Amino acid sequence: MGFLILPTKLNMPIMGEVVDRPALSERLEIYSQSKLTVLSAPAGSGKTTLVSHWLQKTRKDFLWFSIDKENDDPASFWLYLCTGFQKFDPQLGRTAINHLEQGVRLESHDVVDLLIQDLLRFARKWDRPSQIVVVLDDFHVISHPELLRSFNRFLDYMPAWLHVVITARRLPKLSLAHRHSRLQLNMLTQHELAMTRADVTRLLQLKLALSPDGTLLDTIMSQTEGWISAVLLTGLSMKAGGSQTQTSLRQNEYLSEFLLEEVFSQFDDAFQNDLLSLATVPRFCAAMCEVMTTQGDGNHFLNRLRDANLFIVRLDDEGCWYRMHSLLQEWLLQHMRAVSDFDEASCRKKAMQWFMAQTLYEDAIAQAFVLQDWRMAYQIFCRLCDSQTAFKQVERFSTLVTAFPPHLQDALPRLAAIQAGLRYVHGEYHQAAQCVHRVYRISDQMTPRGNPLEAAGHAEIAGSVDAETAGYVDTDDLLISVQMARLLESNLLRFQGQLESASALCRAVYELSIDSAQPLKCWAYYGLAMDSFILGRIEECIAMSFKAINLAKAYKDGSCVIATSNWVTEALKIHGRISLAQELLDTNYDWLEQQGMLSLPNVCLLHGSFVSIYLETNQLSKAWNSYQNLEDSIQKYTDSRDVVWARYYLHYDLLMQSGRLAQVAQVLDQLEVYLGTHFDQLNQTIFPDLALLRALQALQEGRYQSLLAWANASDQTVAHKCEIQNVFERGFSILAKGFEGREISSLASQMREQAQAQGLISSEIESYLIEAIIATIQGRISEAQRAMVEALQLASPCGYINLFVCKGPVVKSLLQSISGSETHAEYCQKLLDAFEVREQFKLQSHACDEVESFMPETPSVFIEPLTSREQDVLMLIRQGCSNKKAAELLALSPTTIRTHLQNIYGKLGVNSRTEAIAKIQLFEQQQVSSKGAL
């Protein structure tokens, strides 16, 4: 056929000094035990450099074939490959070469069979290499169907001592799925080839003698995302006099030219225009591609992008959403504005409308900001506030608000209301109050002009919008903004002890009959439920809570469901309806899971409620599991009051009930610091007194003096605003007086009467238990037994357990003394059994503490250490468990398992469970190898 063989195409490229990447070289070494390794990544990702460095480092025998478009012909390809094998033996492929050079027509599979026969004969020679690595560089240019079929045949039947390495910009059509399933294939992708921060530093020093400082290195890493060519070309630009503080494409002509020649110009005009369209959006999917491009089939267009390996990053495990590499996107936008008459504004408007139709308001508002369409941006912002998405993106809202021009921030009510909420959840209460009053000021400045609010009896917020904000604010927006401000102000007043004023504001919200305010009514009921709880009106709290939850579910407000569940669980527990509290929590958890809301920022409160119920029912293992879920779900923004209750106080209670007293003091110290930091200007009415908690710790250790000192001091202080807290502390004050030998019957009776009046069944039982304990200490056993029987009479229908067990040995001995009687014998025995279970748990807990002290550190393969729950999840996933099975075994929801997996991926620096398992296995193999070397 007269093909000309260029010997240089069969020579390995000379790379000079390269950055050693031992982890990747080790993976190639491990992969060389199988038939095929494929490195699939975009241009400039370092595929060729890595393979050549590995071959030089390991000194393996190899055949290198640099492929170009001229080789996309069966005869040319096989002529080169057969010629390459002749470096090991002149007879290898000789017959096939003779036929091809003489123009004899051979079917491709005949060439393959002749070559394989020669390789099998060569295998019998004593001096042949133990392994030959066949490197096919730039295999992506091969598309000839017959050639691909023949090479598949070669891979199927080639000798086991051959190992083929393919580098390509896109995945070759070589039955990869089939080969992967038979463990004959290993792959390295763009993500795995990306350079680390240390790699980038070494590369710039080695190649360009540059030593960027930390800030500049952060910028380079952020923009290049570890793409090797981009790093080098950026360094060249800096070396040629580019800015040392900016690395954008505007200063980098080298990188711009590379993208133009190596990427963009490889496609036809229609595809180039489609790429420009997609460059205007932060992410895209198949449905969006159908709107934004000229392709009729979005999936077909995505497949073309994936096949081209065009710096496209997958954003989810399902392969639905993708984004462009940031540098490619930046270059496309600059190219569009510099050399094209492309209508960017029209494209962005199209994207904005599509995002809005899909209720993807975050993406839609980003387009509005670029277009500086502030009216549209505000409309989208309001929709975002009204959606459940708002409760998942609290931190992002601050950025969105400040993206509006300052004069609009001062003039638009919803922006001020959201700023008030952001200040509130960050504990900036004075600033929150200022923002609330700004909402009122905006409302007051609007002059009445036939506004529907005036007719509805709300003239104080009636009015029309002035010329500056015409077209921005409508009646619904104004009303909702004012109602949001009222609810926030009620919270500020509530935790300053002004309960009457707080309740009045909540009533003003739920009494409004205008439809647009309906979604906020559940929060008004929530506020009233909270006030009722603080005032000790438990039945009223329960009634308001159920109204709040039902209304919140109707409007799919998961945050309100969670917040209300937290309060009503305690109310039901205090009221003696423990089984109903457990049922309510389970029901609400299932509802939240069905709605996909278990990732809401305040979900830690729900886990805290489970801790409380599991503690009372003596299910300490479940309580600790729920506490771990609470820890894992706490977010930076979380309201500090919620953190104190759900984290520190519950941790304290768990440690106390588990007998781990050595750790209690540390938690109390942390709690004291937290309270002092976040509540110096607020009335701490809902918290247990810190001195009391320390006294109870001492009491558990058999030291009564601290409780006596606390009781004497508390007699001199003003009572709490929270009636439930008053009763709670009064019980311990009575107990302390009993330890002093004083008569406490009348005090206990007063406590009981107050508890009965307020529906505090647990406190009523507590009063009898205190009498029983003091009577026992003072030697009046018959009186103690009578008081215990009264306590059992009240507690038996409710199912209290921890209320008795946490009182310790005195209560246990009293129960044993009356267990033989007919009075509540079954319940009495249940409590005695609970004491035994608790003691066994304490022993196991101490044993776990001893084991944990000898646990090895998390392997260095992780960016951050895994939590104990993440370790459990990883272990089950490695054993092949599905998310559903892992959830069953760990008593978690599949959603929680997915959350743990995402955390594990982040700490491993991977994107899927397959990559996670592969990385762990590789690390373990390296550990075994290093130990073997020792």
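These questions and answers walk through ring pairs and a sheet in a predicted model.

Residues are numbered from 1 along each chain as its sequence is written. In this predicted model, local features need pLDDT of at least 70, side-chain atom pairs count only at pLDDT 80 or more, totals for chains, interfaces and linings use all residues, and side-chain values use heavy atoms, with hydrogens and water left out.

Student: How many aromatic pairs does a search of the whole structure find?
Tutor: Rings of Phe, Tyr and Trp (its six-membered ring) pair if their centres lie within 6.5 Å. Planes under 30 degrees apart count as stacked, over 60 as edge-to-face and the rest as tilted. The search of the whole structure gives 28.

Student: Which kind of aromatic pair do Phe77 and Phe139 form?
Tutor: The ring centres of Phe77 and Phe139 are 6.4 Å apart. Their planes stand at 85°. The pair is therefore edge-to-face.

Student: How many residues apart in sequence are the parts that this pair ties together?
Tutor: Helices (H or I, at least four residues) and strands (E, at least two) are DSSP runs, numbered from the N terminus. Phe77 lies in helix H3 (residues 74-85). Phe139 lies in the loop between strand S3 (132-137) and helix H6 (145-157), so the parts tied together are apart in sequence by 62 residues.

Student: Is Phe77 buried or exposed?
Tutor: Buried means under 20% relative accessible area, exposed over 50%, partly exposed in between (1.4 Å probe, protein chains only). Phe77 has a relative accessible area of 0%. So Phe77 is buried.

Student: Is the pair of Phe369 and Trp374 stacked, edge-to-face or tilted?
Tutor: The ring centres of Phe369 and Trp374 lie 6.0 Å apart. Their planes are at 50°, so the pair is tilted.

Student: Over the ring of which residue does the charged end of Arg128 sit?
Tutor: A charge sits over a ring if NZ of Lys or CZ of Arg is within 6 Å of the ring centre and within 35 degrees of the ring normal. The charged end of Arg128 is 4.5 Å from the ring centre. That ring belongs to Trp161.

Student: What is the order of the strands in the open sheet of 5 strands?
Tutor: Two strands pair if DSSP finds at least two bridges between them. The pairing here is parallel. Strand S2 (61-66) and strand S5 (185-189) are the edges, each pairing on one side only. The order is S2-S3-S4-S1-S5.

Student: How many bridges join S3 to strand S4?
Tutor: S4 covers residues 162-168 and runs parallel to S3. Ile132 stands opposite Leu162 in S4. The number of bridges joining S3 to S4 is 5.
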